[in-house]
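Please read the following model from the whole chain down to single residues. Keep the structure open beside the text.

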Amino acid sequence: MLTIILMLCLSAGGVMAAEYKSAVFAGGCFWCLEGPFDELPGVIETESGYTGGTVPNPTYEQVSAGTTGHVEAMRVVYDPAKVTFEKLLSVFWRNIDPTDGGGQFCDRGPQYRSAIFFADAGEEVEARRQKAQLEEDKGMRIVTEILPRAEFYPAEEYHQDYYTKNPLRYHFYRQGCGRDQRLRQIWGAEAGGKG
């Protein structure tokens with residue numbers, strides 16, 4: 001009987017959904033991180049927001065003023081059966097300047113610093129392993145922080161999917177900020193970006 005019920009649920013589009021996970025990264029302007037993750041097979045959605053600060057439900061104005069301790073961040077919801085946390089990290093690294101501790105590109109201040117927010121010991125170990133490997137392979141000193149996951153607050157709706165809603169403004173901002181040029185200097189052919 002249980003088998004028949006289970007078969008009926010599955011045939012009716014029943015709820016045997018995959019177990020999705022999420023990862024949180026900070027890499028300067030959150031608009032610029034959405035595209036590279038959205039194109040990755042296995043990513044379900046991306047969401048711009050704020051994390052790591054002390055003020056509940058911060059606004060963009062508060063965070064951009066640098067008074068709350070938050071960073072602009074990106075939450076990536078993904079299917080671990082299709083994409084690994086290791087792959088997400090690889091995409092993240094190649095879309096930031098991990099040597100810049102004062103912000104990212106033209107966005108300056110601690111609210112624009114780069115960071116990986118780990119959810120468990122396995123993610124922390126992998127983030128630290130990749131950081132050490134990149135330092136060794138590229139001969140660079142990486143200042144990207146590796147921190148425990150904190151409360152994530154979604155940004156205002158007008159920030160979500162900004163690169164698709166406002167492509168001309170986004171392109172102008174990205175080019176004017178020098179993001180793609182700097183990514184090519186650091187990563188060469190491996191440079192990420194969606195500009």
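Helices (H or I, at least four residues) and strands (E, at least two) are DSSP runs, numbered from the N terminus. On that basis the chain holds eight helices and eight strands. The model is predicted: local features need pLDDT of at least 70, side-chain atom pairs count only at pLDDT 80 or more, and totals for chains, interfaces and linings use all residues. Residues are numbered from 1 along each chain as its sequence is written, and side-chain values use heavy atoms, with hydrogens and water left out.

Begin with the chain as a whole. Of its 195 residues, 45% are buried. Buried means under 20% relative accessible area, exposed means over 50%, and partly exposed lies in between (1.4 Å probe, protein chains only). A contact means heavy atoms within 4.5 Å. Among contacts between residues at least 6 apart in sequence, 75% join residues at least 24 apart.

Now turn to the sheet. Six strands form an open sheet with mixed pairing, in the order β7-β6-β1-β3-β2-β8. Two strands pair if DSSP finds at least two bridges between them. The edges belong to β7 (145-148) and β8 (152-154); each has a single partner strand, so one side of each is left without a neighbour in the sheet. From one strand to the next, the twist averages 35 degrees. Axes are lines fitted to C-alpha atoms, for helices over the stretch in contact, and angles run from 0 to 180 degrees between N-to-C directions.

Strands of a sheet pair through backbone hydrogen bonds, either parallel or antiparallel. Both senses can be followed here. Strand β6 (residues 114-118) pairs with β7 in the parallel sense over four bridges. Ala115 stands opposite Glu145 in β7. Helix α4 (residues 85-93) packs on the sheet and touches β1 (21-27), β2 (43-51), β3 (71-78) and β6. The direction of α4 makes about 15 degrees with that of β1.

β1 runs antiparallel to β6, and four bridges join them. Gly27 stands opposite Ser114 in β6, and Ala26 has Ala115 as its bridge partner there. β1 also pairs with β3, in the antiparallel sense over five bridges. Val24 stands opposite Arg75 in β3.

How covered are β1 and β6? In β1, five of its seven residues are buried. In β6, the count is five of five. In a regular strand the side chains alternate between the two faces of the sheet. Look along β6 with this in mind. Ser114, Ile116 and Phe118 point one way, Ala115 and Phe117 point the other way, and all are buried.

Next, find Glu123 in helix α5 (residues 121-138). Is this charged side chain's residue, Glu123, buried or exposed? Glu123 has a relative accessible area of 5%, so it counts as buried. Leaving aside neighbours within four places in sequence, Glu123 is in contact with Ser22, Tyr78, Phe85, Phe117, Phe118 and Arg149. Glu123 and Pro148 are 25 residues apart in sequence, yet their C-alpha atoms are 9.7 Å apart in space.

Two helices come next. α7 (residues 167-177) and α8 (residues 179-187) pack at an angle of about 50 degrees, with their axes 5 Å apart. The two are therefore oblique to each other. Angles under 35 degrees count as roughly parallel, over 145 as roughly antiparallel, 65 to 115 as roughly perpendicular and the rest as oblique. In this contact, Arg174, Gln175 and Cys177 of α7 meet Arg179, Asp180, Gln181 and Leu183 of α8. These residues divide into two nonpolar, two polar and three charged. Ala, Val, Leu, Ile, Met, Phe, Trp, Tyr, Cys and Pro count as nonpolar, Asp, Glu, Lys and Arg as charged, and the others, Gly among them, as polar.

Finally, check the backbone. Most residues other than glycine have a negative phi, and most peptide bonds are trans. Asn57 is not a glycine, but has a positive phi of about 50 degrees. Asn57 lies in the loop between β2 and α3 (60-64). Its relative accessible area is 60%, so Asn57 is exposed. Phe105 also has a positive phi, near 60 degrees. Phe105 sits in the loop between β4 (103-104) and β5 (107-108). At 12% relative accessibility, Phe105 counts as buried.
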